[in-house]
Amino acid sequence: MPKLKMIKHKRLPIFLGVFLISFATLMLEIGMTRIFSILYEYHYAFLAVALAISGLGAGGIFFHAKLKNSKYEDLALVISGQGFGMAILLMLFLVVFVSGLNVIYFTAILAFLPFLFAGIFLSASFELFAEKSGKLYAIDLIGAALGSFLVIFALKLGGVAVALVTGLLASLSSILIRVGDYRIKKITIKNAIGLISLPLALLVLLLLNILFGFLGPIPFSPSAQKEMLSLMNHPFYDAQIEETRWSHFGRTDLVKNNLNRSEMVLFIDGTAGAPMYRFNGDFGNINNNAVLGLKRDYTGYFPISHLPPEEKRTVLIIGPGGGRDILAAKLAGAEQITAVEINPDFVKLARKYKDYNGGIFDQREDISVVVDEGRSFLKRLRKKFDIIFMSIPITKTSRSPEGYALSENFLFTVDSMSDYLEHLTENGRIIVVAHHDLEIFKLLFLTLDVYKKKGINPQEALKHIYTIGPPMFQVFVLKKSPITKEEAKIIHDGAMLERHYQAETTFIPHISQHLHEIPLGEGKVLSGQMINEVILAISEGRVNPDELIKAANVDLKPNSDNNPFFYKMKKGLPEVISILLILSFILAVFALLIKPRFKPPTERALKKRDFLFRYMFFSIGVAFMLIEIPLIQKFTLFLGQPVYSLSALLLSLLVGAGIGSYMSGRIRVVNSVVKLIGASLLVAIVVLLYLWILPSIFDRLLSATINTRIFASVGLILPVGLVMGVPFPSGIKLLHTFKMTEQVPRMWGINGLSSVFGSVLAVSLSIIWGFTMSLIVGAFLYFLICIIFSFKKSLFLNQ
């Protein structure tokens, strides 16, 4: 067994350095989800998180395997802080000046480097002060918590600014380490210049970028499939960015067409384009043909236009975007509109350009616009609406701090449809403008499941539903009361005979199958069956919906709030998640199998102890993420305002874990293994208890103000964090107790790489079986730690 080296660094500079590195790392991790979402596609936010966590783990492994007991060991802390800052500079230079880096794999390597250096710094610090692991882990978590919270405000300055801030903070840690080295009595001018040159350069670049936009915005990769790029490069448009805004929600651009001033388009991260029309604000004297064209061209207009006035007095629009749905609803005769938009920058820009859009986002007597998450907003209301309207409300940007949100939301679940129906007047209806056939079918089977739970068979349920439209942007309508034969005829004549809609999913109750002909001119007609045969067969009782779902080669299974992945169209896991799951598992196993630098133990007891340490740190890494990710998702619907809420929850969870870690060092017990066993059991108990009590707590507090709900959420999350913060530092303390401190970086690496696997596993379990299953598996892993170490406790006593 090697002898422990004398500590050569003062405690305070190391602790402050850990705080700065952890702060910078979490801030960069969240910032990278935004940068990757802009550079490439929104789902690459997952890759940013995987790179961050794997980089932290790999840093520990690298320090243990290559730097430990080498001539570079003493410089590891200083070099890693400086290396973090240099990696940031290199990454930004290539991203900004090399056309957005067309090759994602190269970008991934660049993004991996800062986290690798962070892992080296943190693992080396924990080895130096293993006996103070409780305090050190507390500082690590609190720094990460503050970084995850303050990045929300930093993102308003842009992705480049966030990256520069993190590089500046990390490079400052090198100065602290150098000052705190006992062996250095005096720092020469040359050394001082070397230490401050990088932080000074980063500070100057940060100020130049904030004040003058020196480095400019993060560009889109030329290979990215971005709607905004297509518009900007279109040969028949003279498109130009009118204004760009950055926030925690993403990069929002307002794009104008210099050849046609009738409309502009709002984009989030270059996708999800939402038109904003030029409008004079007077619905009685419209001066823009593009607005009048909505009556003819926009499929969301028709389902409202044919209704009698008493059935369209109050309308709730979820996701109005740039205002098209508001205009269409007013043109169709809606009296009072409440619009709920989740992206605050859309609303701010719409209000800024009120002279262009007629001020429809200002508070008018007939139009009220609210910034909130639509479903959460609705659940807090007792008001009923004649119409609940949603038009393509998918946002192609990752809003979750973990980056694993899959851009899913709680708008289309069995539970949400039940909520919508409860908030409708007796003759009210839900109208959804969808992208294509698959979304219509998913909405259909989801709705049939809602009625099935109420004891209503599919034949009766389909009397409440009709689907119409052209092949693209079809419309799904669900009426609370059954559709009458008279209403069905009005729908048929207006949609099929006047507008010549012929979507493959067309279905109107009380209308029998027949050929529908569309005149093409010159005596030519296009004919085909009007009613979808599959839906017709269900309505006639000839086929069971459950059998169709099972036989389909796409995922049509109704989803609930427990797994709100409506836009997952393929059966099984998405390809990107499957690849990450396999790769992260291989990395975790690789970390487990890495041999220690010192001579492997020959005594049977020492071999068992080494195996148990590896198992413990692996399980903690997996279980922590299995609980953290779904637990935060479960609070999302309760809180609304996704990013602010998620950051508040992440802050409280990490702070709670930090407090628990600090308190673990103050608890006087015979041995750290007792704390490990007790804390692991408590985590399992608390998580399972929460699965039982959270639904009733949410129901009771749902109507409370946002501040009350946030305080309640913080109060609920903190206890989980408190107990989850004890096992890791207890394990580090045990390593110190058994003179295995040199193994701390190795165990850090195992924990870090297993956390990557845990993150992807949490998403995988949530997609297939729901958030609850992920929480149960996480609780079970903590319980296993408790059981195994209880049986093997004798190996860790009497030292």
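I looked up burial and found that 61% of the 799 residues of the protein count as buried, meaning under 20% relative accessible area with a 1.4 Å probe and protein chains only. The model is predicted, local features need pLDDT of at least 70, side-chain atom pairs count only at pLDDT 80 or more, and totals for chains, interfaces and linings use all residues. I number residues from 1 along each chain as its sequence is written, and side-chain values use heavy atoms, without hydrogens or water.

I noted 29 helices and 13 strands in the protein; these are DSSP runs (helices H or I, at least four residues; strands E, at least two), numbered from the N terminus.

I then examined helix α17, residues 437-453. At 1.5 Å a residue, its 17 residues should span 24 Å, and the end C-alpha atoms are 25 Å apart, which agrees; the expected span is 1.5 Å times one less than the number of residues. I found 13 of the 17 residues of α17 buried, so the helix is largely enclosed by the rest of the structure. Gly455 follows α17 and has a positive phi, near 85°.

I turned to an open sheet of 4 strands, ordered β1-β2-β3-β4 with antiparallel pairing; two strands pair if DSSP finds at least two bridges between them. β1 (239-247) and β4 (271-277) stand at the edges with a single partner strand each, so one side of each lacks a neighbour in the sheet. I recorded 5 bridges in the antiparallel pairing of β3 (residues 263-268) with β4. Glu263 has Tyr277 in β4 as its bridge partner.

Key
Buried < 20%, exposed > 50% of the residue type's maximum accessible area, 1.4 Å probe, protein only.
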